[in-house]
Amino acid sequence: MYTDNEILFPHYAIPALRHARGSAWAELIESLAGKEETSLEVIALMYLMIELNGCLACETDSYRAMRGCAACAQQTLRRFKGSDEELIRLYEASVDKMRELTLAPVE
């Protein structure tokens, strides 16, 4: 009944996003697909998808959870009203945020 779903957007779902938008987006996904899960750039994309998808509010018995994370993310990207350039700017802002967090002192 349930497909693969996670609490937050998973690394394994990244390649499924390749054809969800145009060529610029596909190039970004292609460049990230081979990187390690712990790469700052990959974490930034995962964070962006968590924000766009609303993963924190996802319930395991919801329709979108039953479809799986990859299908949910593909649908989110298809419904995104902005351009690919705007989406990539959001990704770049996410990279910047991850860089700030990694430079922040731990208390």
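This is a guided tour of a predicted model, stop by stop.

**Whole chain**

Start with the cartoon view. The protein has five helices and zero strands. Along the sequence the pattern reads α-α-α-α-α. Next, colour by burial. Of the 107 residues, 37% count as buried. How much of the contact count comes from residues 24 or more positions apart? Among contacts with a separation of 6 or more, such pairs account for 68%.

**Stop 1: the nonpolar patch**

Select Ile 7, Leu 8 and Leu 56. These three form a nonpolar patch on the surface, with about 360 Å² of accessible area together. Begin with Ile 7. Ile 7 sits in the segment before α1, the helix that covers 23-33. Is Ile 7 buried or exposed? Its relative accessibility is 76%, so Ile 7 counts as exposed.

Move to Leu 8. Leu 8 is also placed in the segment before α1. Leu 8 counts as partly exposed because its relative accessibility is 36%. Show what surrounds this side chain. Neighbours within four places in sequence aside, Leu 8 is in contact with Ile 50, Cys 55 and Leu 56.

**Stop 2**

Switch to charged side chains. Side chains of opposite charge can pair when their charged atoms come close. The count for the model is five salt bridges. Select Arg 18 and Glu 30. They form a salt bridge, and the closest N and O atoms are 2.7 Å apart. Arg 18 belongs to the segment before α1 and Glu 30 to helix α1, so this pair links distant parts of the chain, twelve residues apart. Glu 30 is partly exposed, at 47% relative accessible area.

**Stop 3**

Select Arg 21 and Asp 84. Their side chains meet in a salt bridge at 2.7 Å, N to O. What does this pair tie together? Arg 21 lies in the segment before α1 and Asp 84 in helix α5 (residues 84-103), so the bridge joins parts that are 63 residues apart in sequence. Check burial at both ends. Arg 21 counts as buried at 19% relative accessibility. Asp 84 is buried too, at 14%. Both values fall under the 20% cut-off.

**Stop 4**

Arg 99 is partly exposed at 40%, and Asp 96 is partly exposed at 41%. With Asp 96 and Arg 99, they are linked in a network of salt bridges.

**Stop 2: the positive patch**

Finish with Arg 67, Arg 78, Arg 79 and Lys 81. Together they form a positive surface patch. Zoom in on Arg 79. This residue is in helix α4, residues 69-79. Arg 79 counts as exposed because its relative accessible area is 58%.

Note on methods
Residues are numbered from 1 along each chain as its sequence is written. This is a predicted model: local features need pLDDT of at least 70, side-chain atom pairs count only at pLDDT 80 or more; totals for chains, interfaces and linings use all residues. Side-chain values use heavy atoms; hydrogens and water are left out. Helices (H or I, at least four residues) and strands (E, at least two) are DSSP runs, numbered from the N terminus. Buried means under 20% relative accessible area, exposed over 50%, partly exposed in between (1.4 Å probe, protein chains only). Contact means heavy atoms within 4.5 Å. Patches are made of residues with over 30% relative accessible area and no salt bridge: like charges are joined within 9 Å, nonpolar side chains (Val, Leu, Ile, Met, Phe, Trp, Tyr) within 5 Å. Accessible areas come from the Shrake-Rupley method with a 1.4 Å probe; for residues, only the protein chains shown count as cover. A salt bridge is a side-chain nitrogen of Lys or Arg within 4 Å of a carboxyl oxygen of Asp or Glu. Lys and Arg count as positive and Asp and Glu as negative; His and the chain ends are not counted. The place of a charge is taken as NZ of Lys, CZ of Arg, CG of Asp or CD of Glu.
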